[in-house]
Amino acid sequence: MEEKKVGEESAAAARGPVATLRRIAFLMERQREETRRIEAFRNAARTILPLPEDEVRARADAGTLTELPGIGPSTAAVITDACHGVVPDRLVRLETTSGPLARGGEELRALLRGDLHSHSDWSDGGSPLEEMAMTAMELGHDYLVLTDHSPRLRVANGLSAERLARQLGVVDAVNEHLGGSFTLLKGIEVDILDDGSLDQTTQMLDRLDVRVASVHSKLKMDEAPMTKRMVAAVRNPHTNVLGHCTGRLVTGNRGTRPQSRFDARAVFTACAEEGVAVEINSRPERRDPPTRLLELARDLGCLFSIDSDAHAPGQLDMLDHGAARATEAGIDPERIVNTWERDRLLEWASARL
């Protein structure tokens, strides 16, 4: 045990200042710490990333790091320690939290090849899509689907068709740079509109690899029209995943929110018939669908997708929570689409188009 601890400390000491700042931010995000504090470390990493190593070290030695934009006393202290091969105390403390976020789903978690629901700073995420892709690679993913919001969700800076088209070009550039070792897949979290249609043009939906359809508005709609709305979206051939189906919030800084009312048997029957995956949303504040509905979807023969719904790189690791819930519900890993290798996933996602 002592040898393992020494090895971990040596590895941490070998990190440069940028990697050290990123690691601290990642671990803070896993623990759902305050966004403003996390951004201080990510901003500091962005500030020093383009600087020559010698300049960063010279500033650390001279105590002038705080003259750089976006670097305060706390991040300067971390950079200085990292430049001297010292593991910052903050990182030492955070590393004690780096184990699994949930117990009971470890075997299933190891089978997950990717994540079908994530956000970048193109909509309401906190980090560039390149950072999301890099972190997914570090977690051992084979693929990550980028699913920024659609235009109706203005509060989340949803993407118009024009902005989405520009984003697809950036995704192509990232994948070309990665050279096939990992794939950032093109996707969207598309709003389910009041009549069940999807909030993006057919032409743009056709260009995507995976589409997550979610209800974000009028969550208190009466049961009958909500059921009709959701079934219509599931029957749409562009829909691959039904995202956080009840819309509930059970904890967290956004407060709580009751689940939407709909005929779950009708909705999940449509999912099973169409081959649409029911999302097991791994965000602790959602735990969506609730256990009773998760078991109903299981019994009706649905496919599933265990997704992080990450809005920051460290949240990509929240798949632990979804894997634990799926294991507890006794869901066969073969029915979880992100246990599939990339080509099989893409074949499934395009099968109804």
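Modeller: Happy to. Let's begin with Asp-320, which is buried at a relative accessible area of 9%; buried here means under 20%, exposed means over 50%, and partly exposed is in between, with a 1.4 Å probe and protein chains only. This is a predicted model, in which local features need pLDDT of at least 70 and side-chain atom pairs count only at pLDDT 80 or more, while totals for chains, interfaces and linings use all residues. Residues are numbered from 1 along each chain as its sequence is written, and side-chain values use heavy atoms, without hydrogens and water.

Asp-320 sits in helix H14; helices (H or I, at least four residues) and strands (E, at least two) are DSSP runs, numbered from the N terminus. Setting aside neighbours within four places in sequence, Asp-320 is in contact with Arg-30, Pro-100, Leu-101, Ala-102 and Arg-109, where contact means heavy atoms within 4.5 Å.

Arg-229 is another charged residue to look at. Arg-229 lies in helix H11 and counts as buried, at 1% relative accessibility. Not counting residues up to four places away in sequence, Arg-229 touches Ile-192, Leu-193, Asp-194, Gly-196, Val-215, Ser-217, Lys-218 and Met-221. Thr-291 is 62 residues from Arg-229 along the chain, and the C-alpha atoms of the two are separated by 23 Å.

Now to the charged pairs. Side chains of opposite charge can pair when their charged atoms come close. A salt bridge is counted when a side-chain nitrogen of Lys or Arg is within 4 Å of a carboxyl oxygen of Asp or Glu, and this rule gives 29 salt bridges. One of them joins Arg-46 and Glu-39 at 3.5 Å, N to O, and Arg-46 is partly exposed, at 36% relative accessibility.

Arg-235 and Glu-273 form another salt bridge, with 2.8 Å from N to O. This pair links distant parts of the chain, with Arg-235 in helix H11 (residues 223-235) and Glu-273 in helix H12 (residues 264-274), 38 residues apart. Glu-273 is exposed, with a relative accessible area of 53%, whereas Arg-235 counts as partly exposed at 35%.

Where does the salt bridge between Asp-309 and Arg-286 sit, buried or exposed? The closest N and O atoms of Asp-309 and Arg-286 are 3.6 Å apart. Asp-309 lies in the loop between strand E7 (303-307) and helix H14 (319-328), and Arg-286 in the loop between strand E6 (277-281) and helix H13 (291-299), so the pair ties together parts that are 23 residues apart in sequence. Both partners are buried: Asp-309 has a relative accessible area of 3%, and Arg-286 is at 7%. Elsewhere, salt bridges with shared partners join Arg-22, Glu-29, Arg-42, Glu-131 and Glu-138 into one network.

The loop between E6 and H13 also holds Pro-289. A cis peptide bond, with omega about 5°, joins Asp-288 and Pro-289. Backbone geometry is also worth a look at Arg-32, which is not a glycine and yet has a positive phi of about 60°. Arg-32 is placed in the loop between helix H2 (17-30) and H3 and is partly exposed, at 41% relative accessibility.

On a 1 Å grid over the protein atoms alone, a pocket is an open set of points where a 1.4 Å probe fits, with protein on both sides within 12 Å along at least five of seven lines; lining residues have an atom within 4 Å of a point. The volume of the largest pocket is about 850 Å³, a volume being the space filled by probe spheres set on the points, which are joined across faces, edges and corners. Its lining has 33 residues, with Arg-254, Arg-283, Glu-285, His-311 and Gln-315 nearest the centre. By class, the lining has 13 charged, 13 polar and seven nonpolar residues; Asp, Glu, Lys and Arg count as charged, Ala, Val, Leu, Ile, Met, Phe, Trp, Tyr, Cys and Pro as nonpolar, and the others, Gly among them, as polar. Helix H3 (residues 35-48) gives the largest share of this lining, three residues.
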